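Colleague: I am new to models like this one and would like to know what stands behind each word you use. Please set every value against its definition as we go.

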Amino acid sequence: MVGGPSARSAAAGRRPRPAESMDDTFRRWSSNDDYSSTGFSVVRRDEGTLLGHVTIFGADAKNRAGTLAIVLGPEHVGHGYGTEAVRLMVRYGFAEMGLHRIGLQTYAFNARALAAYAKAGFREEGRRREVVFHDGAFHDEVQLGLLESDWRSDR
């Protein structure tokens, strides 16, 4: 319901949290029971520590395009895990899912994400101006994309 209790809570700055643990949430997201999305838990191999989740969702068989998203726990940011996970997911999207294009969106203030995406070959394709209010200011949403042909030539 629009404007119901949950909308008022969000408007007041409180966000609802899932009843399940984040580990359970990431594992559910990684179940891959929807043909249009594929996701994986990001795990440190040496420790088995769950770091986050990476996915390509909204994959469209006709256009061979999908959208990449990644979430890492804040304590795992800045260690190269995101860059590695993005590179592996891009490879999976092109080599295994047969995609032609992978797109994504992030906010202009997220310099680490922009750097990780650039390292994986993503190029800025556009911006939606001042769409998010963060840390006292409005910021752009940056739209990035990567074509299979660019990915193959950059490897």
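This is a predicted model: local features need pLDDT of at least 70, side-chain atom pairs count only at pLDDT 80 or more; totals for chains, interfaces and linings use all residues.

Colleague: Why does Thr55 count as buried?

Modeller: Buried means under 20% relative accessible area, exposed means over 50%, and partly exposed lies in between, with a 1.4 Å probe and protein chains only. Thr55, found in strand β2, has 14% relative accessibility, and therefore counts as buried. Buried residues make up 35% of the 155 residues in the protein.

Colleague: What does the side chain of Thr55 reach, and what makes that a polar contact?

Modeller: A polar contact is a pair of N or O atoms within 3.5 Å; within protein, one must be able to donate a hydrogen and the other to accept it, and residues adjacent in sequence count only if both atoms are side-chain atoms. The side chain of Thr55 reaches the backbone oxygen of Thr38 at 3.0 Å, so the pair falls inside the 3.5 Å limit. Thr38 is found in strand β1 and, with a relative accessible area of 12%, is buried too.

Colleague: Which residues is Thr55 in contact with, leaving aside its neighbours within four places in sequence?

Modeller: Contact means heavy atoms within 4.5 Å, and the partners of Thr55 are Ser37, Thr38, Gly39, Thr67, Leu68, Ala69 and Met89. Two of these partners, Thr38 and Leu68, are 30 residues apart along the chain, and their C-alpha atoms are separated by 9.7 Å.

Colleague: Asp140 and Glu130 both interest me; why is Asp140 called buried, and why is Glu130 called exposed?

Modeller: Asp140, in strand β6, has 18% relative accessibility, so the 20% limit places it among the buried residues. Glu130, in strand β5 (residues 123-134), has 53%, which is over the 50% limit, and therefore counts as exposed. The side chain of Asp140 reaches the backbone nitrogen of Glu130 at 2.9 Å. Phi of Glu130 is near 45 degrees, a positive value in a residue other than glycine.

Colleague: Where is Arg64, and why is it called partly exposed?

Modeller: Arg64 sits in the loop between β2 and β3, and its 37% relative accessibility falls between the two limits, so it counts as partly exposed. Phi of Arg64 is also positive, near 55 degrees.

Colleague: What makes a set of residues a nonpolar core, and which members of the largest one touch the most others?

Modeller: The set must be buried Ala, Val, Leu, Ile, Met, Phe, Trp, Tyr and Cys residues joined through side-chain atoms within 4.5 Å. The largest such core has 24 residues, of which Leu68, Val86, Val90, Phe94, Ile102, Tyr117 and Phe122 touch the most other members. Its largest share, six residues, comes from α3. Val86 touches Leu68, Ile70, Tyr117, Ala120 and Phe122, not counting residues up to four places away in sequence.

Colleague: What makes a space a pocket, and what volume has the largest one?

Modeller: On a 1 Å grid over the protein atoms alone, a pocket is an open set of points where a 1.4 Å probe fits, with protein on both sides within 12 Å along at least five of seven lines, and lining residues have an atom within 4 Å of a point. The volume, the space filled by probe spheres set on the points, is about 500 Å³ for the largest pocket. Of its 26 lining residues, the closest to its centre are Ile70, Leu72, Asn110, Arg112 and Ala113.

Note on methods. Residues are numbered from 1 along each chain as its sequence is written. Side-chain values use heavy atoms; hydrogens and water are left out. Helices (H or I, at least four residues) and strands (E, at least two) are DSSP runs, numbered from the N terminus.
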